[in-house]
Amino acid sequence: MTQDWREKLRGSGYRLTPQRELILRAVEDLGHATPDEVLARVREQSSAVNVSTVYRTLEVLEELGLVRHAHLSDRAPTYHSVTEHEHFHLVCRNCHRIVSVDPDVLAPLRERLRQEHAFVVDVGHLTVFGTCEECVPRA
């Protein structure tokens, strides 16, 4: 984590708290994590953090552009750090494997949507569900 996220917090009027630092570090360490998974990781360091603190902090961190969320299941959103490259997700409905994909793969579709519908795709929130190669029934 760089000094930049601390400056973003302070510059937006938020205090830099140990809880916020623990939560951001947990998101970065876990890669893709639900709020409950973030809470479990944070509680390894501090029992003083509760689930509502995690949810509120994740909202603040997303508002500041430090984390993003995607819906990788029908349950809670999954958060990931923006220090990673921008990507979208493929989720296997059978084995639940998650694959991060470079947004350049979508360039033709993004351009077509822009031209035909004047629509700009938010790739970071995109999740495509299907079946991975390992789970596809062999004929």
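**Helix contact, sheet and cysteines**

A: In H3, Pro-35, Asp-36, Val-38 and Leu-39 meet Val-51, Val-54, Tyr-55 and Leu-58 of H4, where contact means heavy atoms within 4.5 Å. Helices (H or I, at least four residues) and strands (E, at least two) are DSSP runs, numbered from the N terminus. This is a predicted model: local features need pLDDT of at least 70, side-chain atom pairs count only at pLDDT 80 or more, and totals for chains, interfaces and linings use all residues. Residues are numbered from 1 along each chain as its sequence is written, and side-chain values use heavy atoms, leaving out hydrogens and water.

Q: At roughly what angle do the axes of H3 and H4 cross?
A: Axes are lines fitted to C-alpha atoms, for helices over the stretch in contact, with angles from 0 to 180 degrees between N-to-C directions. Helix H3 (residues 35–43) and helix H4 (residues 51–63) cross at roughly 115 degrees, their axes coming within 9 Å.

Q: In what order do the three strands form the open sheet?
A: Strands of a sheet pair through backbone hydrogen bonds, either parallel or antiparallel. Here the order is E4-E3-E5, with mixed pairing; two strands pair if DSSP finds at least two bridges between them. Strand E3 (residues 88–92) pairs with E5 in the parallel sense over four bridges, and Cys-92 stands opposite Gly-130 in E5.
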